[in-house]
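Here's a quick tour for anyone meeting this structure for the first time. Have a look at the sequence and the model, and then we'll go through pockets, salt bridges and a surface patch.

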Amino acid sequence: MNAKETELYGLIAEFAAAPQLLEAAKRACAAGYSRLEAYSPYPVDGLSEALGFREKAVAPAALAGGLFGGAAGFFMQYYANVIGYPLNIGGRPHDSWPAFIPITFELTVLGAGLAALAAVFWRSRLPKLHHPVFNAPGFERVTQESFFLCIEAGDPRFETATTRSFLEATGARQVTELRTFSASG
């Protein structure tokens, strides 16, 4: 099976230190680039803000999932005990809501957890078995000593020569084109 180059994914720049990466990310955002990804061996203070990550997708999804799960759990029990199969058990009312609390709580937690997991996968664009950045020369050092900034070709301001010049002007060690690959028989 041979791998065949297809289209340009973006440009990736390698930096020697975290302050250089942070400054390059700030400059890229200020220049109007919006489809950026940064890779670093450890968390860099201020990097997520410099990249423009302000949206919190997980918390609202967990809240919505929790509310849906709790409501579904409560109404499932209400339907079963009041509408579908009303039974007189010990003279208690059919809609004895205190008995519904444990299952309602558990389905609230289950709904919130599943929605949060789905939001994490959706925001991270997972599952992805292979990413074009893995083809960048030296990218394996990102877990030890190197810092990378990638500007995707899908960015509205992306133009290969201009973006390459911009990344080189930020003090990058090297700037590399990333290409997607497809398997061909």
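A word on residue classes: Ala, Val, Leu, Ile, Met, Phe, Trp, Tyr, Cys and Pro count as nonpolar, Asp, Glu, Lys and Arg as charged, and the others, Gly among them, as polar. With that in hand, the lining of the second largest pocket splits into six nonpolar, three polar and one charged residue. Among those lining residues are N81, Y85, H94 and F100.

This is a predicted model, where local features need pLDDT of at least 70 and side-chain atom pairs count only at pLDDT 80 or more, while totals for chains, interfaces and linings use all residues. Residues are numbered from 1 along each chain as its sequence is written, and side-chain values use heavy atoms, with hydrogens and water left out.

A pocket here is an open set of points on a 1 Å grid over the protein atoms alone, where a 1.4 Å probe fits, with protein on both sides within 12 Å along at least five of seven lines; lining residues have an atom within 4 Å of a point. The second largest pocket has a volume of about 190 Å³, and the largest has about 600 Å³; volume is the space filled by probe spheres set on the points, which are joined across faces, edges and corners. The largest pocket has 17 lining residues, with E37, F53, R123, S124 and R125 nearest its centre. Strand 2 gives the largest share of that lining, three residues. By class, the lining has seven nonpolar, three polar and seven charged residues.

Now for the salt bridges (a side-chain nitrogen of Lys or Arg within 4 Å of a carboxyl oxygen of Asp or Glu). There are six by this rule, and here are three of them:

| Pair | N to O distance |
|---|---|
| R35 and E152 | 2.7 Å |
| E177 and R164 | 3.8 Å |
| R179 and E177 | 3.2 Å |

E14, R141, E145 and R173 are also linked in a salt-bridge network.

Finally, V58, L117, V120, F121 and L126 make a nonpolar surface patch of about 390 Å². Patch residues have over 30% relative accessible area and no salt bridge, with nonpolar side chains (Val, Leu, Ile, Met, Phe, Trp, Tyr) joined within 5 Å and like charges within 9 Å.

Methods
Areas by Shrake-Rupley, 256 points an atom, 1.4 Å probe, with all protein chains shown as cover. Helix = DSSP H or I, 4+ residues; strand = E, 2+ residues; numbered from the N terminus.
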